[in-house]
Structures are given as structure tokens and as C-alpha cells.
Amino acid sequence: MRSRLAGAGGYLPGHLVTNDDLAATLDTSDAWIVERTGIRQRYRVGPADTTTSMAAAAARRALAMAGATAADVDLIIVGTSTPDQAFPSVAVRVQALLGIERGFGFDVSAACAGFVYALSLADALIRTGQARGALVIGSEAFSRILDYTDRGTCVLFGDGAGAVFLRAAAGEGADGILSTHLHAQGSLGDILYVDGALGVADSAGQPLPGKLRMNGREVFRHAVQRLSESVDEALSANGLGRADVDWLVPHQANIRIIDGMGRKLGLPPERVVITVDRHANTSAASIPLALAEAMEDGRIGQGQLVLMEALGGGLVWGSALVRL
Ligand code: ACO
């Protein structure tokens with residue numbers, strides 16, 4: 001068996017936050033944020049949105065593009081670092097919202113690489129015959145874990161969700177998920193992390209704030225190196241070269257990292273899907289959100305080779321090569 005990517009969908013919450021909005025209460029500026037990151041705005045959840053509700057909205061759109069219904073789904077995997085509850089998982093909450101009564105689901109904690117990790121797992125479960133129709137979702141409400149007094153982090157992230165629907169297909173065919181490649185280096189866990197979790201206190205017994213902390217320069221340095229390696233790994237595993245790639249759909253963290261990867265692949269900018277300017281970094285949601293946008297507007301179509309890559313807190317990183 002192999003997994004074909006049959007549809008994609010995205011969802012952005014309604015509350016738009018521009019750089020100038022942030023600069024109203026923070027020592028930063030639109031010019032600094034645009035120059036260093038490419039980000040101009042981001043969306044933030046309001047009272048009506050949850051990680052689960054955004055995931056379900058994106059999933060419905062992915063199913064619609066695939067011409068599928070909830071009855072076709074027997075697996076749901078959600079990449080998220082901001083679940084609404086410790087358990088049940090976002091995945092099974094989505095299952096219930098979509099009215100699905102069979103199959104199975106779970107969440108994956110792999111920060112900004114959460115979608116690539118989830119895609120890899122779903123592909124493996126389809127290849128081994130344990131699922132025939134899989135929703136792979138990234139959904140994040142990072143605004144809940146940002147320290148809005150820390151200008152080095154809070155300007156970088158946004159909320160949203162993206163999803164793809166994978167269908168099992170028989171045999172080796174030319175299309176589908178060609179390969180996925182996952183990596184982790186836990187010894188670098190302290191350059192990007194959340195300082196706390198539900199019920200965990202510091203040594204003085206005080207609850208930890210549960211906010212995102214980052215050494216941006218270190219993350220940047222590792223991102224460029226690791227993502228480059230991961231891209232080469234995906235291409236060589238399939239006997240393909242850089243010129244074979246039709247589209248790069250990268251994790252949307254920083255325009256400078258994205259431009260660097262595009263240059264490495266020798267791809268003209270119009271072959272790289274970019275949403276970071278409008279969505280900021282939506283962590284596990286960023287790749288499926290970008291993919292959905294480019295499939296909906298017809299840029300990415302059948303037969304094209306799409307390369308995805310992401311890196312996040314852990315450090316965790318990986319890539320996926322998909323022929324639509
Ligand atoms: N506004 C104005 N000034 C700022 C801001 C801000 N929002 N943030 C930091 N600065 C200041 C710093 O305080 C520092 O000032 P100082 O020189 O007086 O001390 C100066 O800008 C330079 O700070 P650096 O952190 O060295 O700036 P850098 O050029 O590295 O850019 C950035 C910071 C944008 C965070 C960059 O390091 C980066 O993008 N790193 C990758 C991190 C990332 O993308 N993380 C997302 C999660 S992981 C991933 O998705 C890949």
C-alpha cells in the first residue's frame with residue numbers, strides 16, 4: 001500500500017494582529033519584525049476558537065477538497081503543542097466533532113515539526129494496512145503559551161490549523177508520499193522550550209508560567225544546517241535531484257530561513273510557498289496551511305513533486321517528499 005494526498009484544508013481564527021498592534025504595547029516595530037522575519041501580521045484565537053475547533057474546521061475543508069466524507073476516515077493524527085486538554089487528545093475530540101464512530105486517533109508532540117512527524121506516522125500506518133483514510137492535522141493556539149513581554153518570541157507566532165486527507169492506494173504507483181525522514185536531538189532541548197506544564201511547579205513549589213522560551217540565534221543556526229541535510233536526505237533516498245522539485249512547502253518560521261532553503265534547492269521564489277508574512281509561525285499548522293492555500297488557488301496540482309521540511313523545539317526536524 002501507499003498513501004496518496006487527496007486534499008488539504010486550512011483554518012485561521014478571526015482576530016488579526018498586525019506588527020503595529022504589537023508595537024503599541026511592546027518595544028518593537030513593524031520595520032524590525034519585517035526585516036528580521038518577513039512577518040507582517042498573524043491571527044489569534046478568540047473565545048470561540050479552540051485547538052480542537054480549528055483542527056476540525058481544517059479537517060472538513062481537507063475532506064471536501066478530497067471529495068471524501070467523515071465516513072472515509074479511520075485514523076486521525078494531530079500534531080500540536082497546545083492541546084486544549086492533557087487528555088482526551090485533540091484527535092479524538094475532532095473524531096467526535098466530525099461524527100466518526102470508528103478507527104483511532106492520537107496527538108503527536110513534535111513542536112513545529114509536528115505535521116511532518118504526524119504525516120510520517122500516518123503514512124506508516126497506511127502502508128502497514130492499519131488505516132485506509134487518514135486525517136493528518138496540525139493545529140496550534142500558540143498565543144496561549146507566548147510571553148507578551150518578551151519581544152524576542154511573541155512577535156514570531158500565530159494561531160491556526162491545517163489538515164490533509166490521505167487515502168490508501170494499492171501498489172507502488174508514481175504518486176503519493178514517496179518518503180519521510182524524522183530526526184531528533186534532545187541534547188538541544190534547552191534552546192527552544194516551554195517552561196512548565198500542567199501541575200508542574202518549580203523547586204520553590206511555585207507554578208511555572210508555561211511560556212515559550214527561545215535562544216533565537218541558536219535555533220536559526222541549527223535550522224539552516226539541519227533542514228539542508230534533511231532536504232538532501234529526502235532527495236537522495238528517492239534518487240531525485242534538486243531540479244526535480246516542483247514546489248517547496250517549508251515550515252513558515254522566518255523568511256530568511258525559507259529563502260536560504262529555496263536558494264539551496266535552486267528554486268525560483270515563485271516555486272516556494274510562503275505564508276509567513278500573513279500567518280507568522282503557526283508551528284505544526286504552518287505546512288498544511290501553506291499547502292492548502294497553494295492547492296486551493298491551483299498553484300500546486302496533480303503530478304507535481306512537493307518537498308516539505310520543518311524544524312522545531314526538541315530539537316526535532318524532518319522532511320517529506322510527496323508526489324500529488
Ligand atoms: N523588536 C525589536 N528588537 C528586537 C526584537 C523585536 N521583536 N527581538 C529582539 N530584538 C533585539 C534584541 O533584543 C537584540 O538587541 P540587542 O542587540 O540590543 O541585545 C537585537 O534585536 C538582535 O537580537 P537577535 O536575537 O540577535 O536577533 P536576530 O537577528 O537573531 O533575530 C530572530 C531574532 C528573528 C528570533 C531570529 O534569531 C530567528 O528567526 N531565529 C529563528 C527562531 C525561530 O524561527 N524560531 C521559531 C521556532 S523554531 C522554528 O520554527 C524553526
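Reader: Which helix gives the largest share of the shell around the ligand?

Author: Start by asking which element each shell residue belongs to. In this predicted model, α6 gives the largest share, with four residues. Both α2 (30-37) and α6 supply at least two shell residues each.

Reader: How many residues of the shell are nonpolar, polar and charged?

Author: Sort the shell by class. Here eleven residues are nonpolar, seven are polar and five are charged.

Reader: Which residues come nearest to the ligand?

Author: There are 23 residues around the ligand. The nearest are Thr 28, Arg 36, Arg 217, His 251 and Asn 254.

Reader: How much of the ligand's accessible area does the protein cover?

Author: Take the area of the ligand on its own, 990 Å². The protein covers 75% of it.

Reader: Back to α6. At what angle does α6 pack with α7?

Author: Read the angle and the axis distance together. Helix α6 (residues 216-237) and helix α7 (residues 255-265) pack at about 35 degrees, with axes 10 Å apart. The crossing is right-handed.

Reader: Which residues make the contact?

Author: From α6, they include Phe 220, Val 224 and Leu 227. From α7, they include Ile 257 and Met 261. By class, the contact has nine nonpolar, one polar and three charged residues.

Note on methods:
Residues are numbered from 1 along each chain as its sequence is written. This is a predicted model: local features need pLDDT of at least 70, side-chain atom pairs count only at pLDDT 80 or more; totals for chains, interfaces and linings use all residues. Side-chain values use heavy atoms; hydrogens and water are left out. Axes are lines fitted to C-alpha atoms, for helices over the stretch in contact, and angles run from 0 to 180 degrees between N-to-C directions. A crossing is left-handed if the near helix is turned anticlockwise from the far one by less than a right angle, and right-handed if clockwise. Contact means heavy atoms within 4.5 Å. Ala, Val, Leu, Ile, Met, Phe, Trp, Tyr, Cys and Pro count as nonpolar, Asp, Glu, Lys and Arg as charged, and the others, Gly among them, as polar. A residue is near a molecule or strand if one of its heavy atoms lies within 4 Å of it. Accessible areas come from the Shrake-Rupley method with a 1.4 Å probe; for residues, only the protein chains shown count as cover.
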